[in-house]
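Dear colleague,

Please find the structure below, together with some notes on what was found in it.

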Amino acid sequence: MNEFKKNKPCPIFIVMVTIMFIADSIDTYNSGLEAPIIKHTVTDDRLEEALSFSQALSHTANLVSQASGVALLLVAAGNFAIFSFLNALADYGGWAVC
């Protein structure tokens, strides 16, 4: 029974996973809105270029965020509760800036 208490998820971890889920859901919703806005604001002859540029920026940001996630895991020294808290803060910061 004592082992169960050791392995029980930390409440802060559950809260951070919930925050990350909400942030990812908002990000997916925002990504879906991007193409119609670009299509509305860019002329037809430049549409392909604008969509390609937007996609390239998105992939670059994803690559950088994955690398910083690994760095956060190293800083957290394998403590996933601290890692999830730092990751949620980084996700919120990125979402708030955009």
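From the N terminus on, the elements of the protein run α-α-α-α, that is, four helices and zero strands, where helices (H or I, at least four residues) and strands (E, at least two) are DSSP runs numbered from the N terminus. This is a predicted model, in which local features need pLDDT of at least 70 and side-chain atom pairs count only at pLDDT 80 or more, while totals for chains, interfaces and linings use all residues. Residues are numbered from 1 along each chain as its sequence is written, and side-chain values use heavy atoms, with hydrogens and water left out.

Helix H3 covers residues 47-75, and its end C-alpha atoms lie 42 Å apart, which agrees with the 42 Å that its 29 residues should span at 1.5 Å a residue, the expected span being 1.5 Å times one less than the number of residues. The buried residues of H3 (under 20% relative accessible area, with exposed over 50% and partly exposed in between; 1.4 Å probe, protein chains only) are Leu-47, Ala-50, Ser-54, Gly-69 and Leu-72. After H3 comes Ala-77, which has a positive phi near 55°.

The count of salt bridges (a side-chain nitrogen of Lys or Arg within 4 Å of a carboxyl oxygen of Asp or Glu) comes to one, and it joins the side chains of Arg-46 and Glu-49 at 3.1 Å, N to O. Arg-46 counts as partly exposed at 46% relative accessibility, and Glu-49 is likewise partly exposed, at 47%.

For the protein of 98 residues, 15% count as buried.

With kind regards
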